Amino acid sequence: MTAVEAKGDILLLDLASQQAHLSRYELVRPIGSILQKAGHACHVIHYSDLRPEDLQECGGVILCGTALMDNGYAENLSAFSWLKDFCRPVLGICAGMQVISAAFGGSIVSHPSIGLEKIDIIQASPLLGGPRAIEGYMLHNFAASLPEDFMLLAGRAEAAQAFRHTVRPIYGIIFHPEVRNRWILESFAAGLAHNRQGSSYETDLCNESSQ
Amino acid sequence: MRLGVLFSGGKDSVYACRLAMEANSVSCLITLISESPESYMFHTPNIRCTAMQARALGITRLAWPTRGVKEEELDDLQAAIAAARDQYAIQGIVSGAIESVYQAARVQRICRELHLWCFNPLWQADQLDHLRRLCREGYHTIISGVYAYPFDSSWLGAELSEEKIAALELLQKKYKINPSGEGGELETFVLDGPLFKKRIEVLRAEQRYANYSGQYIIREARLVEK
């Protein structure tokens, strides 16, 4: 991952309770490696260091997960209020999904799970594709409820496994895609690349959501 | 944070320890000594030599016996981690898991049960990149066990050099073996590295090999000043 910020890069937000936390090797670095191997530039910023210009310059944001014991993000939800007005694609993973839910009026709920679980995708989306069952790696003590203006893609409204905003390209998944589901990260990044080439992935998403 | 490292003496647990020490304190190494060669999680041919590695690293080792019976091992692991928490006041556990969901999920569950942090700093690392980084950083690692076709006896005791890594890369392409041994294809033992205050010199070792399965068993070794 490069420390040089290039316009259009994918911004990986580290949600750990401390900067340079040991957990970044496990929960942030693999995401960056997968994206880079797929040819997409990205850089990492700790959420406490996020500046408005970082958001303006990036092509999209991935909010990364945290270690199982690390719930510091839930005590700093105001740090994610920018999500309400951010129009570029966002993917929240685990803790990242929870802060998206909270930013849009949903709740973070106790829902511990560790290991591989079946995920029934019930609604088609550009990111996850059509309805079918997949297997995802869970590592969380908390999950997120479905906020207003969001559509359930998998799981239950009280504890969603995947959701998306009905209009904006904002997604949340509770499972960790670096295990068995790297294609989700590649699909998210490919959408951003599509955007940069002129055709609007965001518009595509909006069109689909209004169908 | 005070951490305990699950330690087998192989390259992954040694390097996980190195990453943990960047900004944390490693208070102890935790080694499960399995009585069963069929152990799912803990058996390695030179597990008893971890005592010498711990001395070379200057970190206390907590050795915990296990009969090596499949699910019982997890109870033993939990007991070992609980003992490490109580004896060394550790706040978290570090493992060298790279891809094994079986291993990582079980350690995560134990840590949750014991209210400990759990870190897997090599998680999902590219296996060839990981091997090359070990070489580049000056870790001296030998192959201490092979358990898959087409490994022959020449691999046993060989140092994990750039040449050997290139050979592993070819085997990955041809036979889909995991070059880092994540699928149990091979095991390693670290003799020296930047973390080591002294290096280990093998004085006498024995090889056992048949049908693409073999071990390099260290019978006598000593610590040497660096």
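How many residues of chain B are in contact with residues of chain A?

1. The interface between chains. The model is predicted. In it, 17 residues of chain B are in contact with 17 residues of chain A. Contact here is a C-beta criterion, with a cut-off of within 7 Å.

2. What chain B brings to chain A. Three elements of chain B each supply at least two residues of the side that touches chain A: α1, α4 (101-113) and β5 (117-119). The most comes from α4(B), which gives five residues.

3. Composition of that side. The residues of chain B that form the side touching chain A divide into ten nonpolar, four polar and three charged.

4. Contacts between the domains. Domain 1 of chain B places 20 residues in contact with 23 residues of domain 2 of chain B. On the domain 1 side, the elements that give two or more residues are α1 (11-20) and α2 (50-57) of chain B. Here α2(B) gives the most, with five residues.

5. Composition of the domain 1 side. The residues of domain 1 of chain B on the side that touches domain 2 divide into nine nonpolar, seven polar and four charged.

6. A point on α1 of chain B. This helix gives two or more residues to the side of domain 1 that touches domain 2. At least two residues of the side of chain B that touches chain A also come from α1.

Definitions and conventions
Residues are numbered from 1 along each chain as its sequence is written. Chains are lettered from A and ligands numbered from 1 in the order in which they are written. This is a predicted model: local features need pLDDT of at least 70, side-chain atom pairs count only at pLDDT 80 or more; totals for chains, interfaces and linings use all residues. Two residues are in contact if their C-beta atoms, placed from the backbone, lie within 7 Å. Helices (H or I, at least four residues) and strands (E, at least two) are DSSP runs, numbered from the N terminus. Ala, Val, Leu, Ile, Met, Phe, Trp, Tyr, Cys and Pro count as nonpolar, Asp, Glu, Lys and Arg as charged, and the others, Gly among them, as polar.
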